[in-house]
Amino acid sequence: MIAEHNSYTVSINSHESNSELSVLFSGEGKPHPLHKMGPAVHDYYLIHTVHSGKGTFEMHNRTYTCETGDSFIIFPGELFSYTADAEQPWHYTWVAFNGRSAGMTMTQIGASPQNAVISGSSPRSIRHYYRRIRSCFHPSMQPALEDIAAAGWLRLLLRELGRAGNPHVMEKPATETDIQRQVNQAVRYLELQYTQTVSIEQLARTLGYHRTYLCKMFKQATGLSPMQYLFKIRMERAKQLLETAMTIDQVASSVGFNDALYFSKQFHKWSGSAPSVYRKERTK
């Protein structure tokens, strides 16, 4: 294979990982004119990004002409082949990966065996991410940590591809209005920050909305004010934690209350039972 390239380099991940997303190897090459790979099948995902020149890629009964800025994606179990152009053979970089979330991640960036080429990416940032991935696999005394770093750079690479004008990623769901999107942002914020001190002013400032507008649209959509919704999240989570061996103080702190006595009063008002009573009833 190396003899069929003007230049060829590949870096291998020496760490066997069973993580959500793990790089197997990454490389860069400038193949000779008409250099061909396949027909073949891989058992992992393999992305090639073209930096100059052009070639053709075939998979799932489709033929694509790929040139600078295009990335073609080989899916596991899919028969593929690709060939460098006779006059302007491509120069490309590649990364192979697998993992439990690999398939879902490809769906998120809008790629599939039926839609296996993404165009319009930024060559400079893309090459930077490929270089960082390969740099993780230089001789290291901590290959497990380098595996984590490589997966991080891979995620940034995939994000860049997902941003490259792919309509499957950029389009908003047809059923989601601007107000629904804004409310969903606020709900998501509260679900992630309920352990912290949260105010309406802080929430509105973080999301970039006027306080009055935020409260109005939130209550119209949920039937609750943001603070009532936050209180509901905290109490529901407290119910779950009271079924564990945590102390009342620990439960209170875990759901955003610095004062366990105040938490107990609020929980009693909300559920009709004091935390200790609720715990006994649930553990009978």
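Reply:
**Cysteines, then the interior**

C215 is partly exposed, with a relative accessible area of 22%. Buried stands for under 20% relative accessible area, exposed for over 50%, and partly exposed for what lies in between (1.4 Å probe, protein chains only). By that scale C136 is buried, at 6%. The disulfide count is zero, where a disulfide is a pair of cysteine sulfur atoms within 2.5 Å.

This is a predicted model, in which local features need pLDDT of at least 70 and side-chain atom pairs count only at pLDDT 80 or more, while totals for chains, interfaces and linings use all residues. Residues are numbered from 1 along each chain as its sequence is written, and side-chain values use heavy atoms, with hydrogens and water left out.

The largest nonpolar core has 45 residues, and I47, F57, M106 and L154 have the most contacts inside it. A nonpolar core here is a set of buried Ala, Val, Leu, Ile, Met, Phe, Trp, Tyr and Cys residues joined through side-chain atoms within 4.5 Å. Helix 3 (residues 143-162) gives the most to this core, with six residues. Helices (H or I, at least four residues) and strands (E, at least two) are DSSP runs, numbered from the N terminus. In soluble globular proteins, nonpolar side chains tend to be buried together.

Contact is taken as heavy atoms within 4.5 Å. Leaving aside neighbours within four places in sequence, I47 is in contact with residues including F72, W94, M106 and Y130, as well as L158 and L161. L158 and L161 are among the buried residues of helix 3, which also include W153, L154 and L157, along with D147 and E160. The end C-alpha atoms of helix 3 are 28 Å apart, which agrees with the 28 Å that its 20 residues should span at 1.5 Å a residue; the expected span is 1.5 Å times one less than the number of residues.

Helix 8 (residues 226-241) has buried residues of its own, including Y229, L230, I233 and M235. These buried residues pack against helix 5 (178-193), helix 6 (200-207), helix 7 (211-222), helix 9 (248-254), helix 10 (260-271) and helix 11 (275-282). Helix 8 has 16 residues and reaches 23 Å from its first C-alpha to its last, close to the expected 22 Å.

Next, the strands. Eight of the 10 residues of strand 2 (residues 22-31) are buried, so strand 2 is largely enclosed by the rest of the structure. Strand 2 pairs with strand 9 (residues 91-98) in the antiparallel sense over seven bridges; two strands pair if DSSP finds at least two bridges between them. Within this pairing, G29 stands opposite Y92. Strand 9 also holds N98, which counts as partly exposed at 27% relative accessibility. Not counting residues up to four places away in sequence, N98 touches E20, L21, S22 and L24.

An open sheet of four strands has the order 3-8-5-6, with antiparallel pairing. Its edge strands, strand 3 (36-40) and strand 6 (62-67), each pair on one side only. Strand 5 (residues 54-59) and strand 8 (residues 80-84) are joined by five bridges, and T56 stands opposite T83 in strand 8.
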